[in-house]
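Reader: Please give me a close look at one part: the ligand site. Set it in its surroundings first, and keep it brisk.

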Amino acid sequence: MSDQPKIEAKNLDFYYGAKQALKSLNIACHPRKVTAIIGPSGCGKSTFIRTLNRMNDVVAGTRVAGDILVDGSSILGPKIDVVELRKRIGMVFQKPNPFPKSIFDNIAYGLRINGMAGSREHLEEVVEKSLVEAALWDEVKDRLKDNAFALSGGQQQRLCIARALAVEPEVILFDEPCSAIDPIATAKIEDLIERLKSTYTVVIVTHNMQQAARVSDYTAFLMLGELIEFDETKKIFTAPSQKMTEDYITGRFG
Ligand SMILES: Nc1ncnc2c1ncn2[C@@H]1O[C@H](COP(=O)(O)OP(=O)(O)OP(=O)(O)O)[C@@H](O)[C@H]1O
Ligand SMILES: [Mg+2]
């Protein structure tokens with residue numbers, strides 16, 4: 001862990017109205033590593049990763065305290081351009097959410113709105129590269145004009161990953177990316193995450209303990225908005241220092 005963290009949550013609190021959903025979290029996510037966020041339903045996993053690219057800004061009545069640093073600089077101030085921030089920190093959701101557009105236009109969308117489309121040739125190159133990176137190209141290369149809704153759920157999820165990659169983010173946040181798809185598509189996405197970490201910083205929320213153990217380098221265990229334990233994944237899954245962590249990963253509760 002010698003590098004500067006890519007993302008650092010410092011004493012991070014988050015409130016929905018009067019309800020505190022995150023309690024003084026300190027979590028660092030390192031470049032070219034996968035950080036898994038685990039914990040029982042409602043413990044604040046989605047809230048946490050949504051604060052990292054300020055997706056929670058759109059929820060009325062929320063409040064954040066403490067700080068989040070990206071490359072050492074706070075992203076919480078009013079001067080931060082959140083569109084630019086979300087380009088740097090992309091997100092893939094639990095349910096695939098393709099736009100009602102063609103496969104090609106789904107990928108091209110982010111480039112177009114960010115003024116990165118360039119020539120038609122350039123656009124085609126980036127669409128192909130993103131689909132190759134997301135392990136979907138071979139399945140869709142002959143049907144790029146088809147509507148994205150014609151794809152299977154697992155293909156739609158990989159399309160959403162390709163869409164996130166197309167704008168060249170630095171960080172990719174995954175919120176339970178495999179919960180709605182079959183084991184074969186899940187294996188493809190896990191392989192993909194493994195490859196992505198050679199370039200990107202990856203944060204993944206998962207309910208699947210085997211998945212966390214397989215794909216991540218570091219694991220944060222949350223309960224009721226608090227960080228119970230944060231360590232190397234190997235340590236968390238073989239010799240956790242907290243009894244609560246052990247009970248959770250062995251399925252004794254949660
Ligand atoms: N928009 C919202 N308004 C009010 N409370 C919310 C909102 N979203 C989440 N919460 C509350 O914040 C807490 C954390 O929710 P969050 O969705 O982050 O949990 P989670 O760990 O992702 O759970 P799950 O595993 O079920 O997805 C919960 O108590 C939840 O009810
Ligand atoms: Mg969630």
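Author: Helices (H or I, at least four residues) and strands (E, at least two) are DSSP runs, numbered from the N terminus. On that basis the protein has ten helices and ten strands. Its radius of gyration, over C-alpha atoms, is 18 Å, close to the 18 Å that the globule rule (2.2 Å times the number of residues to the power 0.38) gives for 254 residues, so the protein is as compact as a globular protein of that length.

The model is predicted: local features need pLDDT of at least 70, side-chain atom pairs need 80 or more, and totals for chains, interfaces and linings use all residues. Residues are numbered from 1 along each chain as its sequence is written, chains are lettered from A and ligands numbered from 1 in the order in which they are written, and side-chain values use heavy atoms, without hydrogens or water.

Along the principal axes, the C-alpha atoms fill a box of roughly 55 × 40 × 35 Å. The protein exposes about 11,700 Å² (Shrake-Rupley, 1.4 Å probe). Carbon and sulfur atoms supply 50% of that area.

Now the site. Ligand 1 is surrounded by 14 residues (a heavy atom within 4 Å). Ser41, Gly42, Lys45, Thr47 and His207 are the closest. By class, the shell holds five nonpolar, six polar and three charged residues. Gly counts as polar here, while Tyr and Cys count as nonpolar.

Taken alone, ligand 1 exposes 640 Å², and the protein buries 65% of that.

Two elements each give at least two residues to the shell: β2 (19-29) and α1 (45-52). The most come from α1, with three residues. Follow that helix. Six of the eight residues of α1 are buried, so the helix is largely enclosed by the rest of the structure. The buried residues are Lys45, Thr47, Phe48, Ile49, Thr51 and Leu52. Lys45 and Thr47 are also among the residues closest to ligand 1. Just after α1, Arg54 adopts a positive phi of about 60°.

How values were computed: Buried means under 20% relative accessible area, exposed over 50%, partly exposed in between (1.4 Å probe, protein chains only).
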